[in-house]
Amino acid sequence: MATKPTYQFLVCASFRAKGEPKGVCNQKGSIGLSQYLEQEILDRGLDVLLTTTSCMKQCDQGPVLVVQPNNWWYQGVDSEEAIDDILDALEEGKPAEDRLLFPA
């Protein structure tokens with residue numbers, strides 16, 4: 001029986017209707033960083049489903065990553081340091097406040 005993951009990460013990859021990635025998040029390397037993110041999720045033993053998406057309409061703040069079910073929207077996720085900050089905070093059960101697009 002399948003189980004529901006604890007978290008789902010949505011990474012904007014700027015995919016368009018025909019499936020080709022374009023847009024700001026893709027241009028800033030969101031797809032390449034997804035590989036690092038996936039490896040960190042595995043290395044840390046986190047229960048996360050990583051999903052790349054079409055445009056999330058937050059191009060000025062991209063690359064964008066959303067953590068569900070918490071609804072934490074992160075902006076400027078363009079480096080391994082940013083990913084580490086987000087995962088470190090998640091492991092502590094809180095958002096990485098300095099990187100939130102929509103602060104609480």
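Predicted model: local features only at pLDDT ≥ 70, side-chain atom pairs only at ≥ 80, totals over all residues.
Q: Which other peptide bond is cis, the one from Q68?
A: The bond from Q68 to P69 is cis, with omega near 15°. P69 is found in the loop between β3 and β4. For context, most peptide bonds are trans.

Q: What makes the phi of K57 worth a look?
A: Phi of K57 is positive, about 65°, although K57 is not a glycine. As a general point, most residues other than glycine have a negative phi. K57 belongs to the loop between β2 and β3.

Q: Why does K57 count as exposed?
A: Its relative accessibility is 66%, and exposed means over 50%, so K57 counts as exposed.

Q: How do you know the order of the strands in the open sheet?
A: The four strands are arranged as β2-β1-β3-β4, with mixed pairing. The edge strands are β2 and β4, as each of them pairs on one side only. On average, neighbouring strands of this sheet are turned by 20° against each other, direction ignored.

Q: In which sense does β1 pair with strand β2?
A: β1 pairs with strand β2 (residues 48-54) in the parallel sense, over seven bridges. Two strands count as paired with at least two bridges, so seven clears that cut-off. Among the partners, Y7 bridges to V48 in β2, and F9 bridges to L50 in β2.

Q: And in which sense does β1 pair with strand β3?
A: Here the sense is antiparallel, over four bridges, with β3 covering residues 65-68. F9 has a partner here as well, V67 in β3.

Q: Why is strand β1 described as largely enclosed by the rest of the structure?
A: Strand β1 covers residues 7-15, and seven of its nine residues are buried, so the rest of the structure largely encloses it.

Q: Why is L49 called partly exposed?
A: L49, in strand β2, has a relative accessible area of 42%. That value lies between 20% and 50%, so L49 is partly exposed. Leaving aside neighbours within four places in sequence, L49 is in contact with P5, Y7, Q8 and F9. The C-alpha atoms of L49 and P5 are 6.2 Å apart, although 44 residues separate the two along the chain.

Q: Where do α2 and α3 sit against the strands?
A: α2 packs on the sheet and touches β1, β2 and β3, with its direction at about 165° to that of β1. α3 lies across β1, β3 and β4, and runs at about 160° to β1.

Q: Why are α2 and α3 called roughly parallel to each other?
A: Their axes cross at roughly 30° and come within 10 Å. Angles under 35 degrees count as roughly parallel, and α2 and α3 therefore qualify. The crossing is right-handed. Residues that meet there include L33, Y36 and L37 of α2, and E80, I83 and D84 of α3.

Q: What makes E40 a buried residue?
A: E40 has a relative accessible area of 15%, and buried means under 20%, so E40 is buried. E40 lies in helix α2 (residues 30-44). Not counting residues up to four places away in sequence, E40 touches D84 and L87.

Finally, a look at the aromatic rings.

Q: Why are W73 and F102 called an aromatic pair, and what makes it edge-to-face?
A: The count of aromatic pairs comes to one. In this pair, the centres of W73 and F102 are 5.8 Å apart and the planes make 70°. W73 lies in strand β4 (residues 72-74) and F102 in the segment after α3 (80-91), so the pair ties together parts that are 29 residues apart in sequence.

Q: How do you know that W73 is partly exposed?
A: The relative accessible area of W73 is 22%. Buried would need a value under 20%, and exposed a value over 50%, so W73 is partly exposed.

Notes:
Residues numbered from 1 in each chain as written. Heavy atoms only, no water. Phe/Tyr/Trp six-rings, centres within 6.5 Å; stacked < 30°, edge-to-face > 60°. Buried < 20%, exposed > 50% of the residue type's maximum accessible area, 1.4 Å probe, protein only. Contact = heavy atoms within 4.5 Å. Axes fitted to C-alpha atoms, helices over the stretch in contact; angles between N-to-C directions. Parallel < 35°, antiparallel > 145°, perpendicular 65-115°, else oblique. Left-handed = near helix turned anticlockwise from the far one by under 90°.
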